[in-house]
Amino acid sequence: MRPRRRLMAALVAGIASGLVALGWYVLSAGGWTVWEGLMLACLAVSAPWLGLTGATGLIGFAIRMRASDPLSAVLPVMRQPGWQDAAITARTVIAVCVRCEDMRAVLPPLGHLLEELRRPAAQADRFRLAILSDTPDGAAALDEAAAVASLAAEFPAGTVRYRRRAQNSGYKAGNLMDFLDRDAEDDVLLLLDADSVMSAVAVTRLVRLMQADRRLAILQPTTCGHGATTRFARYFGLGQRHGMRIWATGQAWWQGSEGAFWGHNALIRIAPFRAHARLPALPGGEPILSHDQVEAALLHAAGWAVRVLPDDAGSFERHPPDLVACLDRDIRWAHGNLQYRHLLRRSDLGRVGRLQMVQAILHYVLTPFWFALLPLAALNVATGGSEDTPRIWLLVLLAAGFLLLNLTKLAGHAEALLSPGPRGPCLREMLREVAVSIAADAIMAAERTWIILAFAAGTPAGWDPQQRDGRRLPWGVTARRLRFSTAIGLGSVALLSSGGLFPVLVAAPVWVPLLLAVPIVVLTGGSAHDTAEDVPSRSYGSYQSPHE
């Protein structure tokens, strides 16, 4: 792995240095203003992240397009002969953590999966299901237990188990570890979220791969969206799927056995996870919210492999139905990622795992620096500091920043168009996704900046139930929620207009979505007006999921 990591570091450094050099050339023309100095500082702080996304996208795209078998190129166990036909010998429990969920949506796909897995007689006793509930006492808990009991009646005794905790200490991670401490009869555990769906073919592939690699503690495929009923969810899912495929491939190439863990749709070897993946305490006793990165780092340090399978065939999850729901989820994720700062010096965490945690922190911490470029540029224009800026090179700089920030997703779209075989979403759908994502990214950057500022002021965050279904977003409530974005958009265009038409047009992809944040969010959160649940997309694995 050392040559790969050196090449990765060189790519990141080269891209970041080139971007900063280009920024210096553009901003220094005609002398420096205070605003230009601040813009260069923000660009320099953000450049390593942009270098990382660019290098990951380049490597991932090269592997996906040039390797004869991209999956085995980053997952060596797939090169072992005979693993595909091996008998299922590992005892597997499918564990689903729930809290105040609609069991009418959660249980049917689980029952279908369990039935499919147990259908071959040779593996009928190899799979069981455990519903791990943190739902508080009350009518919801009674309905939940009754729904699980109804499902359990369809299978032999002991196949479906229901366990509910009185206190949800440690949230999801605590729920899972409590189950492992009390129920240790299985070899591996398939961890699903309440909105997860997996095909039997995808699950048995994971089990066979883990049987073939005895040092593998976690194997995680990528996921694609399902059940999208809104425009936002459809296009968010399309971009997420294509971008994650490239990102996961590029990361797996240089991270190797010290890969990432995203906390769901993953197969876990129980013994090492129970022995080594117990979460440390944070200062003040605060529970760790984003547990998955820490668990992976603990397993790395203990010598166990955590690997990613960059293929989403048969692995599904629900995406947020609207941008407000996405922001609500971001509050918890941002708080959880920022908690990692307390753990970075621990010797019981692997080095690459700590680097992944730094990366997770920067995902949120760098957003204010990146977003600050808009108001700083507007102030620079309003004070006459942009008069000598070379316009062509400014456009080149902006195009380079956009390309690097979105390279993994754009490369994923390109792969879908260039790959032989059944065609996925057409170019028109991809262009629509890019347009929607440009608008959403601007609003998300503004609102994430507000979230980070709120955390700095001491605003707490918890673990509220996730919004999964489409809903009607009231205009007034949405306007109050997005008032920061709207105000920044209005103020920016007012300042930019003092410099003439050119700065207004150049910055339009950012200030227009901010100014129109409320109608954009409300309208994209509406019905997709399509009979299909998801944007059609081809399967990039060796088989196609029955869901596609």
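Guide: The account below concerns a sheet, and then turns to two further parts. The model is predicted, so local features need pLDDT of at least 70 and side-chain atom pairs count only at pLDDT 80 or more, while totals for chains, interfaces and linings use all residues. Residues are numbered from 1 along each chain as its sequence is written, and side-chain values use heavy atoms, with hydrogens and water left out.

The sheet is open and has three strands in the order E5-E10-E7, with mixed pairing. Its edges are formed by E5 (197–198) and E7 (224–225); each has a single partner strand, so one side of each lacks a neighbour in the sheet. Strands here are DSSP runs of E with at least two residues, helices are runs of H or I with at least four, and both are numbered from the N terminus. Two strands pair if DSSP finds at least two bridges between them. E7 and E10 (residues 315–317) run parallel and are joined by two bridges; Gly225 stands opposite Glu317 in E10.

Elsewhere, strand E2 (residues 127–133) runs parallel to strand E3 (residues 160–164), with five bridges between them. Ser133 has Arg164 in E3 as its bridge partner.

Helix H17 (residues 427–456) contains Val434. Val434 counts as buried, at 16% relative accessibility, where buried means under 20% relative accessible area, exposed over 50% and partly exposed in between (1.4 Å probe, protein chains only). Neighbours within four places in sequence aside, Val434 is in contact with Phe402, Leu410 and His413, contact meaning heavy atoms within 4.5 Å.
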